[in-house]
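Please keep the 3D view open as you read.

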Amino acid sequence: MRTIGRLILSAVFLLLTAALVAAAVYVPGFFDFYTPLSRDAAAFLSGAFASFPFAVWQVFLALLVLASLYALVRSFVKKRGFLCWLAGLVCLFSLLVLVFTALWGLHHWAPPVADRLGLEVGEYSKEELTQTTVYLAQQASAWSEKVPREPDSDMTVDLSAIAKTAGAAFAPLAQQNSFFDGPHHPVKTLLGGKIFSYLGLTGIYICYTGESCVNPDTYPASVPYTMCHEVAHRLSVAGEDEANFCAFLACTASQGPAFVYSGWYSAFIHCYNALFAADREAALAIRAALSPAMDND
């Protein structure tokens with residue numbers, strides 16, 4: 001009976017999740033009230049855990065794993081059965097999915113950022129892509145000479161200092177558009193950076209604790225941009241490409257040279273890769289004209 005009860009509860013959680021998704025997709029004006037509520041929740045949670053110098057969600061995850069393993073062992077010792085434990089795990093997972101969806105996940109169905117910023121989006125030509133890549137290369141090359149560098153030429157990055165100001169990088173944008181209003185709490189540094197690098201993750205946003213986090217193993221020139229990318233997620237931007245665009249806007253509007261350079265540099269990388277796929281010779285010609293510091297990055 002206990003196993004069946006957990007499975008029924010799991011089904012209830014999943015049905016509630018489906019109902020929320022349906023509301024996001026079909027109810028007109030849904031995001032007019034959902035987005036402010038989601039941002040308020042993010043502000044409360046990120047503020048509650050801001051004083052901790054580490055990513056609290058990683059501690060919660062470790063405790064959750066240990067508790068699950070303990071419950072598994074106890075189920076065999078007490079002879080309560082593996083299926084009962086498994087049903088409990090399914091119930092927990094269903095609850096986490098529901099909370100994720102309610103707190104932040106519905107933004108995947110939100111109107112595009114371009115619409116919310118009043119921007120027009122259309123197809124671009126190879127010539128426009130080339131011109132844009134040239135412009136980004138020029139900007140990034142100019143700023144590459146203005147940031148402090150290590151003896152090996154890598155950009156000097158003070159993770160702690162940059163993490164404290166990454167959220168505030170959106171303040172100039174917020175003065176122009178309320179879409180960028182939101183919590184400016186510090187970005188956290190992930191424990192076990194090499195593991196996240198192995199998984200291909202340079203950063204992550206966890207809505208359960210409102211923490212925007214960066215992988216310390218990320219290449220220095222990309223760190224400020226990556227931090228702003230994760231802050232954009234905290235500001236209700238779900239799409240990766242849209243978070244990239246918001247991070248670029250925040251970095252280039254910032255007063256800090258490291259942020260400005262990282263924004264132009266990262267935008268160049270995106271456009272350069274697109275141009276390389278469309279016209280390799282044009283891309284390589286632009287690469288040859290980069291500043292030595294930029295080329296090193």
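**The pocket and the sheet**

Sorted by class, the lining of the largest pocket holds 15 nonpolar, five polar and four charged residues (Ala, Val, Leu, Ile, Met, Phe, Trp, Tyr, Cys and Pro count as nonpolar, Asp, Glu, Lys and Arg as charged, and the others, Gly among them, as polar). This is a predicted model, in which local features need pLDDT of at least 70 and side-chain atom pairs count only at pLDDT 80 or more, while totals for chains, interfaces and linings use all residues. Residues are numbered from 1 along each chain as its sequence is written, and side-chain values use heavy atoms, with hydrogens and water left out.

A pocket here is an open set of points on a 1 Å grid over the protein atoms alone, where a 1.4 Å probe fits, with protein on both sides within 12 Å along at least five of seven lines; lining residues have an atom within 4 Å of a point. The largest one has a volume of about 930 Å³, taken as the space filled by probe spheres set on the points, which are joined across faces, edges and corners. Of its 24 lining residues, V121, Y124, D241, F245 and C271 lie nearest the centre. Helix 12 gives the largest share of the lining, six residues. Helices (H or I, at least four residues) and strands (E, at least two) are DSSP runs, numbered from the N terminus.

Strand 2 runs antiparallel to strand 3 (residues 211-214) over four bridges. Across this pairing, I204 stands opposite C213, and Y205 has S212 as its bridge partner. Four residues lie between the two strands of this hairpin, where G210 takes a positive phi near 65 degrees.

Finally, look at K188 and E211, whose side chains meet in a salt bridge at 2.7 Å, N to O (a side-chain nitrogen of Lys or Arg within 4 Å of a carboxyl oxygen of Asp or Glu). K188 lies in strand 1 and E211 in strand 3, so the pair ties together parts 23 residues apart in sequence.

Note on methods: Two strands pair if DSSP finds at least two bridges between them.
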